[in-house]
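Student: I would like to learn how to read a protein structure. Could you walk me through one?

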Amino acid sequence: MINFHQAIFRAGVAIRNRQIPSHRAFLLESQWWSLEKLREWQESLLREIVQNAYEHSVFYRVKFDDSGLEPQQIKTLDDLASLPILEKNEILSERDRLQIRDGGERLFYSETSGSTGNPLVFYRNADWDAWHNASVMRGYEWHGVRPWERNGYLWGFNFSPSQRLKTRALDALQNRFRMFSYDDDEIASFAGKLRHAVYLGGYSSMIYEIAKAINRNPRIEPLTNLKLIRGTSEKIFERYQQEAVQAFGRRIVSEYGAAESGIIAFECPEGSMHVNMETCIVEVENGEILVTNLVSRSFPIIRYRLGDSIVLDREMKCACGRAHPVIREVTGRIGKRIVGKSRSFPSLTLYYVFKNLARKHDLVLNYQGVQEQAGVLRLDIEEKVSSETRVLLLGECEAYYGKDVDVEIRESCNLRSQGRKKRDFVSSIDDGVS
Ligand SMILES: [Zn+2]
């Protein structure tokens, strides 16, 4: 017997992408393959993706030609190291020459915040989209969760009243609910709904905030019903885990990936983050991850420097029985907070401040938030900032931070001089999270 939400889910999958069920079935089988068999699978996809990139993407053709490489020379996983590295700024500036549109497959729109807040827009082909969705589903299933089960969702809350209505309606269809602000009432209501949910997912810094709110409120009992707390996009600090265990009786499970790379690793019930070998290759160079997306035919991602430092363990034999190597640590991305005079804010709010500025006023600025003292936020802007723009930007900041943060704007800043890795927010304040 299938229930209502399962039926809705299946209908949704049928409309979105019919390849998801077969890819899911494949992954549920391949998860028990030997390392040798998994590597053979990777090699065959690697040859395909390199050949395809060379033939159809102007960007890769020039890049390979410049380095004197023929795609046919790439036969094994070891050969991969002879290919040039792909940098984040290349993806942004060369997007149109990278994108392949004539693959004959339906394309799915994808947007990600990119570096220093410049959004990256690209298109995923249907097969890639299916692998991505199937990989997420497999991760859920490791924890006894099916995607149509009731879930709380913590993502950005940049919504106008009409967007809220639309979002609520779409969420209801997907059997999920979310928070629209950090108000105490909203948190209490969210926690109440969580009591009838099966899983919770979203930004780990937001999961941490919910857990803290539950733990600090004597009227809210700890929750024991959630089977999975899934943290994405941000580093999961041990401090977060302590609050999660107290609030939900379990640790936050980490999903590691990016829109361009797809799922790179998912944590198993034994607590190991297994590399999603079926869809990507992970290399480590000087402690930094280089990821190759094996299914991204429409927007080839080959030896991509994602900007995270990781520790990869190829030797470990996980008790769950899966042979996929384990990522022990991701130290690159840090979900720091903007510290105000009386409270603090997720640094992600900064992304929305600039996104709003772009959406409402067509002002796209390259920025970096810098905090060296509590209550003061400095915005370093690459462009010149007119007095009108300054007023609009301060207005957007006030909408999020009120009078709690004094904002200083600096114009004509060189944001590239601070090393290769760019973050949209850097802080030297110890906000108590370690
Ligand atoms: Zn495992």
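Tutor: Let us go through some features of this predicted model one by one.

Student: Let me begin with a single residue. Where is Glu278 placed?

Tutor: Start with the elements on either side. Glu278 lies in the loop that runs between strand S9 (273–275) and strand S10 (280–285).

Student: Is Glu278 buried or exposed?

Tutor: Look at relative accessibility, where under 20% is the cut-off for buried. Glu278 has 0% relative accessibility, so this residue counts as buried.

Student: Which side chains make a polar contact with the side chain of Glu278?

Tutor: Ser30 is one partner, with a side-chain contact of 2.7 Å. Arg138 is another, and there the side chains are joined by a polar contact of 3.0 Å. If residues up to four places away in sequence are left out, Glu278 also touches others, including Phe26, Trp41, Leu294 and His324.

Student: How should I look at Ser135?

Tutor: Again, take the element and then the surroundings. Ser135 sits in helix H7 (residues 126–142). Its relative accessibility is 3%, which means that Ser135 counts as buried. Apart from neighbours within four places in sequence, Ser135 has contacts with Leu27, Ile263, Asn276 and Thr279.

Student: Now for the strands. Which strands pair with S5?

Tutor: In general, side chains in a regular strand alternate between the two faces of the sheet. Here, S5 pairs in the parallel sense with strand S3 (residues 151–154) over 4 bridges, and with strand S6 (residues 228–232), also parallel, over 5 bridges. Gly202 of S5 shows both pairings: Leu154 stands opposite Gly202, and Gly202 stands opposite Gly231 in S6. From S5 the chain passes through helix H10 (residues 204–216) to reach S6, in a right-handed β-α-β crossover. As for S5 itself (residues 199–203), 5 of its 5 residues are buried.

Student: How many residues does the largest nonpolar core have?

Tutor: The general idea is that nonpolar side chains tend to be buried together in soluble globular proteins. In this model, the largest nonpolar core has 48 residues, and Leu46, Tyr256, Ile264 and Ile327 have the most contacts inside it. Helix H3 (residues 35–56) gives the largest share of this core, 8 residues.

Student: What is Ile264 in contact with?

Tutor: Beyond four places in sequence, the contacts of Ile264 include Tyr256, Val282, Leu306 and Ile327. There is also a second, separate core of 28 residues, with Leu154, Leu194, Ile236 and Phe248 among them.

Methods. Residues are numbered from 1 along each chain as its sequence is written. This is a predicted model: local features need pLDDT of at least 70, side-chain atom pairs count only at pLDDT 80 or more; totals for chains, interfaces and linings use all residues. Side-chain values use heavy atoms; hydrogens and water are left out. Helices (H or I, at least four residues) and strands (E, at least two) are DSSP runs, numbered from the N terminus. Buried means under 20% relative accessible area, exposed over 50%, partly exposed in between (1.4 Å probe, protein chains only). A polar contact is a pair of N or O atoms within 3.5 Å; within protein, one must be able to donate a hydrogen and the other to accept it, and residues adjacent in sequence count only if both atoms are side-chain atoms. Contact means heavy atoms within 4.5 Å. Two strands pair if DSSP finds at least two bridges between them. A crossover is right-handed if, with the strands pointing away from the viewer, the path from the first strand over the helix to the second runs clockwise. A nonpolar core is a set of buried Ala, Val, Leu, Ile, Met, Phe, Trp, Tyr and Cys residues joined through side-chain atoms within 4.5 Å.
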